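Subject: Handing over the structure

Hi,

Here is the structure I promised to pass on. Have a look at it, and then read my notes below.

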Amino acid sequence: MWNISKEAKEKFLKYSLLPIHESDHEWEIVLREAKEEGEDLNTRLNEEIEEVREELLHVLPSRFIPYLKNGTLNQPTLPKAVREDYLQWMREADKEFEQVLSAAHENTKMAVTYLPASIQDIFAESLHDSTIERIEREKDTLHLYVNTDGGFSSKSLIHFIFKGVKSEETDEPIQVGQWFIYDELQKTDDGFAFRVLFECPVSQWTIAMQELDAQYFYRPLEYTILRDEEKLEDMSITDYIAKLNSENRYWFITPHLECAIQSLSETFVIENGSIEFGQNEMVVTVGNERYSYDLSEYNPIKFIYTDVYEDPYAHLNKPVSTEEIEVAALSDDLELQVRAWNTMYANPKELADVINRVLWKIEITEENEMMLSIYASHFYKEEILKEAVIEKFRTLID
């Protein structure tokens with residue numbers, strides 16, 4: 001029995017169609033900002049409720065229907081008791097879906113114990129927001145190449161190999177460009193089963209197989225640094241190669257092929273093939289296969305991977321001294337800020353007094369709200385926050 005499903009996801013999304021502000025304080029801020037900016041807040045709120053009215057009529061408990069029909073469910077005039085009741089209803093839906101995801105995670109955690117360490121490494125990190133880059137089928141084997149650049153995995157490219165495919169069910173054929181939302185792996189009597197909920201297009205895909213194998217690759221350290229500095233597109237392939245660590249092994253992986261790079265010195269040499277650069281195109285030949293890539297569309301730098309992970313953000317984990325943390329966390333120096341918050345996150349009990357002072361002093365803004373929610377929730381679970389700080393961050397604590 002599967003935990004994640006298209007139906008469970010759709011139910012959760014319907015229950016969260018109309019988020020509302022959770023406190024009088026939040027409404028005060030929204031009303032003040034709307035007045036300062038000359039926004040017609042009432043019109044916007046009416047439009048928001050009209051967009052979801054019909055769908056909400058099918059899922060809302062009857063006690064909320066009158067407020068939906070008269071348009072006050074997302075207004076500041078909604079009675080406080082009704083607001084708290086509605087928010088609690090939404091929280092229960094959140095909790096129910098979290099339990100679904102937790103059960104799926106437990107199934108996956110158990111199933112991977114039957115698989116090689118490399119597979120366990122992959123599922124130890126989230127595949128959420130990864131995208132399908134390439135699909136290849138041969139007899140009863142499916143090769144699925146997944147790019148995680150937009151996701152949460154330290155791996156950059158994962159090559160899943162589903163061997164001895166027994167069945168495959170989907171309401172929409174999987175295709176390049178689809179991205180992972182949720183996934184679940186299960187151990188079966190004669191192998192494994194894997195389910196993924198995709199977006200664009202939305203689909204539920206389930207595959208059962210005898211064996212599951214995989215290999216993965218990383219972006220070189222220089223790639224991430226150049227990307228973050230927005231210098232990647234201006235870098236020539238020659239200059240980029242010169243920056244790479246010559247002691248690492250590299251692979252050239254395109255939407256059509258995967259091959260080891262034998263040399264990155266004077267000439268760019270790939271195993272059993274060749275790469276030629278023209279003025280506007282790159283031609284890759286491997287055996288009898290020849291592929292052409294328009295350089296205005298494809299950057300060859302993005303085709304180079306390694307099997308060695310080098311953390312591009314290692315410097316951000318350098319601890320800040322206790323005496324400097326408070327000033328650093330509230331400073332305008334972004335790198336120093338990150339180091340300070342990482343230090344506090346890693347040592348909550350030892351730095352409890354500093355953490356409470358920082359959270360009490362910091363101003364909650366639209367830009368830092370998500371970040372503060374993560375940290376405040378973490379410190380709350382560590383049971384180190386003072387009551388006044390808990391009250392300040394109550395709406396942000398998960």
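First, the ground rules. This is a predicted model, where local features need pLDDT of at least 70, side-chain atom pairs count only at pLDDT 80 or more, and totals for chains, interfaces and linings use all residues. Residues are numbered from 1 along each chain as its sequence is written, and side-chain values use heavy atoms, with hydrogens and water left out.

Let's start with charge. Glu33, Glu36, Glu37, Glu366, Glu367 and Glu369 form a negatively charged patch on the surface. To be in a patch, a residue needs over 30% relative accessible area and no salt bridge, with like charges joined within 9 Å and nonpolar side chains (Val, Leu, Ile, Met, Phe, Trp, Tyr) within 5 Å. A salt bridge here is a side-chain nitrogen of Lys or Arg within 4 Å of a carboxyl oxygen of Asp or Glu. Helix H2 (residues 24-37) supplies the largest share of the patch, 3 residues. (Helices are DSSP runs of H or I with at least four residues, strands are runs of E with at least two, and both are numbered from the N terminus.) Glutamate 33 sits in helix H2, and it counts as partly exposed because its relative accessibility is 36%. The cut-offs are under 20% relative accessible area for buried, over 50% for exposed and partly exposed in between (1.4 Å probe, protein chains only).

Next, a helix with buried residues. In helix H11 (residues 352-361), those are Ala352, Val354, Ile355, Asn356, Val358 and Leu359. Their cover includes helix H9 (322-329), helix H10 (334-346), helix H12 (369-381) and helix H13 (387-392).

The loops hold a few things to look at too. Cysteine 200 and proline 201 are joined by a cis peptide bond, with omega about -5 degrees. You'll find proline 201 in the loop between strand E5 (191-199) and strand E6 (203-217).

Which residues other than glycine have a positive phi? Aspartate 129 is one of them, with phi near 70 degrees; glutamate 230 is another, near 55 degrees. Aspartate 129 is in the loop between helix H6 (117-123) and strand E1 (131-138), and counts as partly exposed because its relative accessibility is 27%. Glutamate 230 belongs to the loop between helix H7 (221-228) and helix H8 (237-243), and at 72% relative accessibility it counts as exposed.

Last stop: glycine 287, in the loop between strand E11 (281-286) and strand E12 (289-294). Its relative accessible area is 55%, so it is exposed.

Cheers

How values were computed: Areas by Shrake-Rupley, 256 points an atom, 1.4 Å probe, with all protein chains shown as cover. Lys, Arg positive; Asp, Glu negative; His and termini not counted. Charge placed at Lys NZ, Arg CZ, Asp CG, Glu CD. Contact = heavy atoms within 4.5 Å.
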